[in-house]
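Colleague: Can you walk me through this one? I have some questions about how it is put together.

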Amino acid sequence: MAKSETMVQVKSGFRIAGAWLLGFGWLCLVLAGMAVAFSPSKYPPVVGWLLLAVAAIILVTTAQRWVKALPGLLGLATLNALFSIFSGHATNLPSVPISRSESLVATLLLVVSTALSPSFTVRELRVVDRLAFLIYASCIFWGAVDHRVTLPVQMGIATFCLLSA
Amino acid sequence: MGGGGGLSDPPGIPLIYRPGGGPGGDSSGFTLGIRAPGQTYKQCLAANAHTYSAGGAAELAVNVATGTNTDITSNRAVDFFTGNSVNSLAAAGQAPGALEAGVGAGLTYGRRTSGSIALNLAGKGGLPQALSSSTSGLRSVLGSVGNALNLGLKASTRFGIDLGLTGAEAIGCAIPRS
């Protein structure tokens, strides 16, 4: 009896670790796509766009699975943003300053996103919900390739998408 | 304007270990240590904190694999999601679940049928609590705060990743780069 419970826990642990590794792999896919599409590399930019398209398809089609982790991810992002209000710089990056007003706005928008996110975990996701997640993720990465985009604009559009869904 | 990130090296981040060279990198051979000569342990931890985050590690792997030299995860919005929470929370001195644990359970005393603490006295009434029953509301609120911080995801699972990366960084910084 105890042995079977142990096995269940071991399997659960492997399942959780595997899920996080898959998430890490997805992040690598996005970063590789952006790196190839937007910066000089040995691959043509179309390969980068292809990788980004694959990442987008994975994000949309598997949303029902990973949405359970969304509140936690947003919650920790909120904590990181909250910390940046006091530190005045990005998480782990003292060389990247953030003004108090910007980090405050970002924190508030992330709080709203976090508050909205549990509602997605208890219902069957519609196409609109999945598209909202895609736009949300796109907004987060948008600022990395377009320096004109400000943090509040990024977070504002992202949050508005979740709010609309 | 919306910078803080982009597809180029951010200015002013010295001594980030980059395989194959770069600022502070050592292209001459493999080494486990990441602490540069003359660098203190704390300086090493601060300089490499971003590299030892989920985003930083993923980007380093991607850059090595694709031969690019990007800095996407230094963008502030991306960094909120992929940054190492353990480092930031350690500085803030907070941890989910700590709030509720700090309040503890209400202790009973006196009168009858108190199972947790003796000194049973004759008389009417139930079990008076050292922490009045009104604090159960407080505990409930704090419990909700703790749950909100956990947000349906075991904090230990998410923090475990960052904790592991922080541990790896601590070990790496303990070994000087030759």
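Modeller: Starting with chain B: of its 178 residues, 35% are buried, where buried means 20 or more other C-beta atoms within 10 Å of the residue's own, exposed means 12 or fewer, partly exposed is in between, and C-beta atoms are placed from the backbone. This is a predicted model, in which local features need pLDDT of at least 70 and side-chain atom pairs count only at pLDDT 80 or more, while totals for chains, interfaces and linings use all residues. Residues are numbered from 1 along each chain as its sequence is written, and chains are lettered from A and ligands numbered from 1 in the order in which they are written.

Colleague: What is the secondary structure of chain B?

Modeller: Chain B has seven helices and zero strands. Helices here are DSSP runs of H or I with at least four residues, strands are runs of E with at least two, and both are numbered from the N terminus.

Colleague: What share of the chain B contacts with a separation of 6 or more is between residues 24 or more positions apart?

Modeller: In chain B that share is 61%. Two residues are in contact if their C-beta atoms, placed from the backbone, lie within 7 Å.

Colleague: And for chain A?

Modeller: For chain A, residues 24 or more positions apart account for 57% of the contacts with a separation of 6 or more. Of the 165 residues in chain A, 38% count as buried.

Colleague: In what order do the elements of chain A run?

Modeller: From the N terminus, α-α-α-α-β-β-α-α-α-α. That comes to eight helices and two strands in chain A. The C-alpha trace of chain A spans about 60 × 40 × 35 Å along its principal axes.

Colleague: How is chain A divided into domains?

Modeller: Domain 1 of chain A is 1-61 and domain 2 is 63-165; the bounds come from an automatic or database domain assignment. The contact between them takes six residues from domain 1 of chain A and eight residues from domain 2 of chain A. On the domain 1 side, helix H1 (2-38) and helix H2 (45-61) of chain A each give two or more residues. That side of domain 1 has six nonpolar, no polar and no charged residues. In this scheme Ala, Val, Leu, Ile, Met, Phe, Trp, Tyr, Cys and Pro are nonpolar, Asp, Glu, Lys and Arg are charged, and the others, Gly among them, are polar.

Colleague: How far apart do the C-alpha centres of the two domains of chain A lie?

Modeller: The C-alpha centres of domain 1 and domain 2 of chain A are 19 Å apart.

Colleague: Back to the helices. At what angle do H1(A) and H2(A) cross?

Modeller: H1(A) and H2(A) cross at roughly 150°, and their axes come within 7 Å. Axes are lines fitted to C-alpha atoms, for helices over the stretch in contact, and angles run from 0 to 180 degrees between N-to-C directions. H1(A) and H2(A) are therefore roughly antiparallel, on a scale where angles under 35 degrees are roughly parallel, over 145 roughly antiparallel, 65 to 115 roughly perpendicular and the rest oblique.

Colleague: Is that crossing of H1(A) and H2(A) left-handed or right-handed?

Modeller: The H1(A) and H2(A) crossing is left-handed. A crossing is left-handed if the near helix is turned anticlockwise from the far one by less than a right angle, and right-handed if clockwise. The residues of the contact of H1(A) with H2(A) divide into 16 nonpolar, two polar and no charged.

Colleague: What about H2(A) and H7(A), at what angle do they pack?

Modeller: H2(A) packs against helix H7 (residues 127-145) of chain A at about 135°, with the axes 9 Å apart. H2(A) and H7(A) are therefore oblique, and their crossing is right-handed. Ala56(A), Leu59(A) and Val60(A) of H2(A) meet Arg130(A), Phe133(A), Leu134(A) and Ala137(A) of H7(A). By class, this contact of H2(A) with H7(A) has six nonpolar, no polar and one charged residues.

Colleague: And H7(A) with H8(A), how do the axes cross?

Modeller: The axes of H7(A) and helix H8 (residues 151-164) of chain A cross at roughly 175° and come within 9 Å, so H7(A) and H8(A) are roughly antiparallel. The contact of H7(A) with H8(A) has 11 nonpolar, three polar and no charged residues.

Colleague: One more. Where is Ala81(A)?

Modeller: Ala81(A) is in helix H4 (residues 70-87) of chain A. Ala81(A) counts as buried because it has 31 C-beta neighbours inside 10 Å. Leaving aside neighbours within four places in sequence, Ala81(A) is in contact with Ser103(A), Ala106(A), Thr107(A), Leu110(A) and Phe80(B).
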